[in-house]
Each structure stands twice: as C-alpha cells, then as structure tokens.
Amino acid sequence: MKNVDLKFEQIPIKKISLKNVEKKMMSFIEQLKAAKDYKSGLKVINAFEKYSSKFQTNVTVISIRYSLNTTDKAIAKAQDEVDEMMPLISNYINMWNKVLVKVPYRAELEKKFSPYYFKMIENSLKSFDEKIIPELIEINKLSSQYDRIMGSAQIEYKGQIYNIPQMGKFSKSKLREERREASIKIDEFFQEHEAEIGDIYSKLVLLRDKAAKKLGYKDFTELGYLSLGRVDYDAKMVEKYRKQIAETVVPVAQKLYKSQAKRIGIPFKKMYSYDYNLMYLSGNPEPTGDPEYLVESATKMYHEMSKESGEFFDFMKEHHLLDLVARPGKQPGGYMTFLDEYKMPFIFSNFNGTEHDVNVLTHEVGHAFQGYLSRNIKPSDFRSPTLEACEIHSMSMEFFAWPWVQLFFGKDADKYRYGHLCDSIEFLPYGITIDEFQHWVYAHPTATHEERCKAYQEIERRYTPHKVYPEEMKVANHGGWWLRQSHVFGSPFYYIDYTLAQVCAFQFLVEMTKNREKAWRKYVKLCKCGGKYPFVELLKKNHLRNPFEDGNVAKVIKPLKKILNSFDETKF
Ligand SMILES: [Zn+2]
C-alpha cells in the first residue's frame, strides 16, 4: 500500500480522457488475445486489474467529492463526464470479458482464482450487451428523473417548507394530530405527482422488458437477477422464502403491533398507519450528544469491541474517511464506498440529531469494517460480495453495538434495543411486499398504473393487514405506497436483499447473547471472506442458516421471542 499517511482531501483527482481510456482498454484486450499461455496471460490480467483499480478509484473519488459539495462547478462537470462515459466503458469491459472466458489456459486460472471467478464474469456477460446500451442510458435518465422529483419535494407545514425526510420527524411526533397531518401532507405530494411518477415507472418497466427480450430472456426477472450477480438462487427460491416469512414472521409482527397499540394507548382496531411510527408514549429514543460526542463514543465502543475494530476506526479517523455532518451543498442520504487503490473505505452521511446518526456509526461502519478487513484479497473483484451478503456485515454490526448503546442513548438504551429488534422483525413483511410486487410488475410489463396499484394493495393487505390509512391519504389508500420506495425505480429486485441479510444478522444477535466472543470471531471470519463466494455458499462456509431452506426462517425467529420477552415493555 502506498501513501500510508494520505488523508482523503489530499487524494488527487486525475482528469479522465475517454480517448485515452479507450486506447488503453483496446491495448489490454489485444495483449490478452496475444497471450498464448497461462504465465503471460496472468501478467496481462494483473496489469489490467491494476489499471482498473486506479481508474475505478479515480471515478469514486470524483463521485465522493461531488456528493460532498454539489455546488462546486468543476467537480460537477467531472461527474457529468463520468456519467456519460460509464456505459461506453462497460462495453470495453464486456469485450475484455468475452476474450477472458475463452482463453486456452482457463482451467489453470480457475485453479488460481476459483471457478466462481469465471462464473461471475459469465454472469456479467449474460446480463450486458452493446445492443442494450440505448435502453440502459434511457433507464439511467428516468431513474434520475424520479430522484429529482423526490428531491424537489417542498412540503409546507406549519408555515415552514420541508423536504420528505425532514417531514419524518413530524410523522413520528408524540402528538397524534401532528403525525396524522404530516402523513397526509406527504401523501398529498404523491397525489400531485402520481401521474408523473406512475408514467416514469411505466417507461422504466417497458425499457427493462425490452432490454431483457433483446438479450433473449422471457421477461426482465431473470435478467434482473443476473444483473445483481445472483448465481446460486433464483426467483422460485425467493418465492418459497417469501412464503416462509409470510407464515412465520407476519403473525409475530402482528403481535408486536398489537402490543405497540397497547403501549401507546390506542385500541388496535383504531390504529392508523401513522400511529405505528410512534414506538413509545414517552417518545422515540434520541442520541444524548452532538456529532463530536457520538464519534468519541463510537471510538470508545470500537476499541472495547475488539482489537481489529479499534485499529480500523482509528484508521478511518486518521485518514479523514468519515464525513458525517450535514452541510449546505452536500447531497442528501448516506453511503459507504471503497477506494481500491488506497485500500480505504469512505463513509458519507448527513447527521440530523436523531437515532439515524447512531445507525450510521453502526450500520455504515459495519460495511466499512468489512471493506477494511478484505482490503488485501486478490483478485480485487473478490473484495466485496454481492449486495445481500454486504448487508449482513452492516446489519450484524448494528447488533454487535448493543452492549455499548448506552453511550449513545443514556437511559433510553433499552428503548433503543427493543425498538431496533421490533423494527427489524416488522421490516420483513414490508420487504417481501415490495419484492412480490416487483415480480408481479415484470411478469405483467404492459399493465396500467391502476392495475399495478391494485396488485400492490392485494399483496400489502396479505402481509401487513394492520395497515389502515386515513381517508385523506388517497395514494396510499388505492395501493400507491410503493411510489415512495426508491429501490422499485432505481434498483429492481434489490429490496429482498435487506430481508435476507436481516435473517442472517438475527443469527448473530442470538449467538451474541450466548457467547459474544465466539459470535464476534465468526463475524470477523465472515467479513474476511469478502466476495470470494456467492451468497448461499458464503452462508454455508460460515455456518449460517440458509434462509431459502424450508423451516430455517422459523428456526431463526423462534429464539428472538425470548430476547423480546427479556425487555420490560411496561417501563418504556
Ligand atoms: Zn447497508
């Protein structure tokens, strides 16, 4: 690793010239074609990997800088150029991959890198071809259009203007009237934009369907799965998994909602959708200090948690790899990304003084911790696994933080823990709702917006039967809740990943309550596997129950009831 003392702001940005990139890529492809034996082939592959790592890191630094300051014109221009260039560059990678899968010494490479390496490449060849570039460009544009509409929301409430995330605090208010009004206000925004957003989605669905058919698939579902790198499970297995959630988790979630109704003093039959936002009559837990205090507490926590997590967190701070606090000009949201060339994770977020801030310090840091532990894996394609596996790292870290949450929430620590567990269980029925809906959508690509809403409503009533919207929430009332779920637009079929990871993270919670040391070692081992294995194989290698196997969801959920019962709800 070079420049060990480098701080993030000292990383230089190199100007990208498409012409040079194309020349370089063509030269690598020619070299690979010319390499006739394993030894010379491997040399080209290593050189290509080094070049890609540098290029990708530069692109990532540009996008981080842009998200840190969207008002910087020079960086905005660089970001625009990258956006335009990427589909063309994907095409060169595709050409490289086509040559790579056919090299005469493939068996030797498989021995060195594992057969999964080629499975990944074949997978990406199956999900991309030059002929779908026009659709991909159009899809990107429409997804950005959706993001812009959502980002432009200006909701007037009590004489002030708020965006949708800012309205969140009112929709969780202790005052019932405020919760109700805020929820209706948000729905009114969707009433205004329903036709426009519905139309964007119709176009997206048709484009995805068209791209899939161009590549020879029956519909978009199979292509969507391939694009997510799912090589060892399919839509049939996901369907059976949803059935397990429906049978074992939906009833547990309904019980939790009933006890929540009792806790906040509203008869269950009279609860409305907005009432479920309030966990406790005494209010939801809030962090007890400013951002500086929270980072200090996180430092203490990661040092006490283990030697490697302490070293890692110091590394993040030393190299200025945490940009946490909201500032004018900063993009909304939060993410973790990885700078391959420098082997550094980077965390971006917008602290807002709520529970969310602590979540960044546990969830996103969990992602970064895995990136840090896998930073030396070779080839670099194996450093990060598919997305459902990535969420195990982050969601499990949320649970590993439990013994320290009093640092963040003081006397409300138990309220946080109990609420966290309830939320995580209640999330599963919602997660499968969004997933089943998307399977319906891509099986009926020419359906109208109204038909889509009807399908959503039918699924929603099956999995979250407690959800009753007030009459004024017209969009939600006729099955349009999904309009606000951005994944449906920008990342088809991705949503189920959060639920799969949650089922795995629960296993770490249960093991942690029995033997924290042992559970932690198991977690570190999982993180260190990086992306060397596909999802199901990764679980097997790390002795985690596979959610697709019949009966396993029930086995994971059962011990959670004991943990839930260990809290004294009456004290909240
Ligand atoms: Zn995550």
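**Helix packing, zinc site and sheet**

Me: At what angle do α13 and helix α21 (residues 516-528) pack?
Reply: Both helices are DSSP runs (H or I, at least four residues; strands are E, at least two; numbering starts at the N terminus). Axes are lines fitted to C-alpha atoms over the stretch in contact, with angles from 0 to 180 degrees between N-to-C directions. The axes of α13 and α21 lie 8 Å apart, and the angle is about 65°.

The model is predicted: local features need pLDDT of at least 70 and side-chain atom pairs 80 or more, while totals for chains, interfaces and linings use all residues. Residues are numbered from 1 along each chain as its sequence is written, and side-chain values use heavy atoms, without hydrogens and water.

Me: How are α13 and α21 oriented to each other, and what is the hand of their crossing?
Reply: The classes are roughly parallel (under 35 degrees), roughly antiparallel (over 145), roughly perpendicular (65 to 115) and oblique (the rest). α13 and α21 are therefore roughly perpendicular. Their crossing (left-handed if the near helix is turned anticlockwise from the far one by less than a right angle, right-handed if clockwise) is right-handed.

Me: Which residues are the protein donors of the zinc ion?
Reply: Donors are N, O and S atoms within 2.8 Å of the metal (3.2 Å for Na, K and Ca); water is not among the atoms, so sites may look incomplete. Here they lie 2.1 to 2.5 Å from the zinc ion, and Glu391 gives two OE atoms. The residues are His363, His367 and Glu391.

Me: Are histidine 363 and glutamate 391 buried or exposed?
Reply: Histidine 363 has a relative accessible area of 11%, and glutamate 391 has 6%. Buried means under 20%, exposed over 50%, partly exposed in between (1.4 Å probe, protein chains only), so histidine 363 and glutamate 391 are both buried.

Me: What is the strand order of the open sheet, and which strands are its edges?
Reply: Strands pair if DSSP finds at least two bridges between them. The order is β3-β5-β4, with mixed pairing. Two strands pair on one side only: β3 (322-325) and β4.

Me: Which residue in β5 stands opposite methionine 336?
Reply: Five bridges join β4 (residues 335-339) to β5 (residues 344-351), which run antiparallel. Threonine 337 has phenylalanine 346 as its bridge partner. Methionine 336 faces isoleucine 347.
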